[in-house]
Structures are given as C-alpha cells and as structure tokens.
Amino acid sequence: MLSNPLNLKKPESAIRLDLRSWKEVDSYLEDCKGIILPIGSTEQHGPTGAIGTDALTAHAIALEVGRRTGVLVAPVQAFGMAEHHLGFPGTMSLKPATMLALIHDLLLSLFSHGFERIFVVNGHGGNIASAKAAFAQAYGTAAQRNLPNASQLKCKLVNWFMAASVFREANNLYGDKEGQHATPSEIALTLYLEPSLCNKQRPLPEASPAGPIYGPTDFRMRYPDGRMGSDPYLAKPEHGEMLLNKAATSLSEDLINFLKT
Ligand code: NI
C-alpha cells in the first residue's frame, strides 16, 4: 500500500496534495488509499508564542510523516475550536458545531474520491471532541448515502503532543514547567521551524497554575497572560528539532499500522 519501499524520503512537492494535479491524485489512489489531514488552531499562545503555533506544528509534523511514508498530505486546516482563547486578540475560532461540520465535509470529500484511511494529525487539544464527533457523523453519512465501500471509511485522530516519546522528552526537558498551554515543547517546535520567533523569547514571571477551562472571560481572568502553568522561555530550537523527529517517528508507525487495518 505504501509507495516508499526503500525508505527514502519523498520530496515535499511529491506528497503535498495542493501541488498535485487531479490526474496524479487519481493514479496515487490506485496504490494507496491513505491521506494525512493536519488540523491546528489560530489562537493566542502566551505573551511570546506565535498565534499560529498549533497549525505550524501540526503541518510540519504531517509533512515529515508524509516525506517518510510517501502518503499524501492535505493542506493544513489552520482554524480550530478555540472559543476559550477569544479573550486574547488575534485568536480566530470556530464554534464546536462549525468545526464538526467542516471536518465532516472534508472527510466526505476525500472519501468520495476513494480515500478510505484518513489520518488526522492534530495540534490542538480543543479540536479533539469536535474531530471525533465529525468521524462518527461521517461514518453515518457514508452509510446513509449508500456510498460505495461505505464500510471502508476509517478515520484516525493522532495528537502529536500526546505521543508517548514526545511526552517523555517534554517531561525530561521541562518537568512541571511544561504546563498545559503555550508549552515549551510546542514553542520549541515553532522556534525550529521559524527562527525569527526566537527574537520574541524572554524570561516570564511565574505562570498561573494549570487548571480548568470554561469561557473566554473566565480563561483570561484565570490565566492573564494566556499561559497555563508553562514556561515557554525554556524552549530551544534544537529541542524543537528533536521533538519533531520523535513525533514524526511515532506518527509514521501509527500511520503504517493504520493503513493495514
Ligand atoms: Ni497549542
């Protein structure tokens, strides 16, 4: 099923869906029914982190998994469910129901052309509930529409920041300063991907402790600078490179196993 038997990395131009023609996609589907869909968020990431952190990280990891496995990568869905971050300027959020409908429509578009294994690489915890609900709804729609091979549609959500090897490394590097939001591990990845972001790094006062998430006004009161228990100043670009590698290794294995199901 995989078109990369020699384990050579594919060039980005070969695995990006947006750079392929429909004829190329058609012939790809004769060998492989899998596709990677990265999803992120456009939301505040503390006083020094980039608004696009979750989309930048999910996209980069998805592309690296694509290069290693030869599986096509769809364009990143850069907007996510970030209602609780709307108290901070620059955040652009989809309501949970909008996110659900959007993911559902993307899954059905891909499935209608023969993509049967859709591997969703997620960069944002707030997307998890809507993405899983979208999977359930897409399975139902495929069955109700009597689409050919409806029973063959399978979707898998993977959260790169929750991969065991990433989690362990983040714990080694940052201990309890990893926190829950604007974490040094995700910020490190962005510093590696976009070196200009290193210029924003500066020491920060002790963060508000991690805690519950309710609405945007409550979030801003509890976590005034946007962080949740994290110290992003600990992030280094070289950590980001290592974390990207660990995430890509773990997710490539997950993807290869998923394609066999
Ligand atoms: Ni994030």
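Modeller: Let's begin with strands β1 (residues 34-39) and β3 (residues 117-122), which pair in the parallel sense over six bridges. Strands here are DSSP runs of E with at least two residues, helices are runs of H or I with at least four, and both are numbered from the N terminus; two strands count as paired if DSSP finds at least two bridges between them. Within this pairing, Gly34 stands opposite Arg117 in β3. A word on the source: this is a predicted model, in which local features need pLDDT of at least 70 and side-chain atom pairs count only at pLDDT 80 or more, while totals for chains, interfaces and linings use all residues. Residues are numbered from 1 along each chain as its sequence is written, and side-chain values use heavy atoms, with hydrogens and water left out.

Stepping back to the whole sheet, four strands form an open arrangement in the order β2-β1-β3-β4, with parallel pairing. β2 (72-73) and β4 (154-159) stand at the edges with a single partner strand each, so one side of each has no neighbour in the sheet.

Now for the helices. Helix α4 (residues 96-112) lies across β1, β3 and β4, running at about 160 degrees to β1. Helix α9 (residues 237-259) also lies across β1, β3 and β4, at about 160 degrees to β3. For these angles, axes are lines fitted to C-alpha atoms, for helices over the stretch in contact, and the values run from 0 to 180 degrees between N-to-C directions.

α9 has a helix partner too: α7 and α9 pack at an angle of about 100 degrees, with their axes 7 Å apart. That makes α7 roughly perpendicular to α9, a label used for angles of 65 to 115 degrees. Where they meet, the α7 residues include Leu189, Leu191 and Tyr192, and those of α9 include His239, Leu243 and Leu244. Contact here means heavy atoms within 4.5 Å.

The nonpolar core comes next. Such a core is a set of buried Ala, Val, Leu, Ile, Met, Phe, Trp, Tyr and Cys residues joined through side-chain atoms within 4.5 Å. Buried means under 20% relative accessible area, exposed means over 50%, and partly exposed lies in between (1.4 Å probe, protein chains only). The largest core has 61 residues, of which Ile36, Ile61, Ile118 and Leu251 touch the most other members. Its largest share, eight residues, comes from α9. Leaving aside neighbours within four places in sequence, Ile61 is in contact with Val121, Trp160, Leu189, Leu244, Ala247, Ala248 and Leu251. In soluble globular proteins, nonpolar side chains tend to be buried together.

Finally, the charged pairs. A salt bridge is a side-chain nitrogen of Lys or Arg within 4 Å of a carboxyl oxygen of Asp or Glu, and by this rule the count comes to 11. Arg68 and Glu64 form one of them, with the closest N and O atoms 2.8 Å apart. Both lie in helix α3 (residues 53-69), four residues apart, or about one turn of the helix. Glu64 counts as buried, at 7% relative accessibility. Both also belong to a salt-bridge network with Lys9, Glu12, Arg16, Asp18 and Arg67.

Definitions and conventions: Angles under 35 degrees count as roughly parallel, over 145 as roughly antiparallel, 65 to 115 as roughly perpendicular and the rest as oblique.
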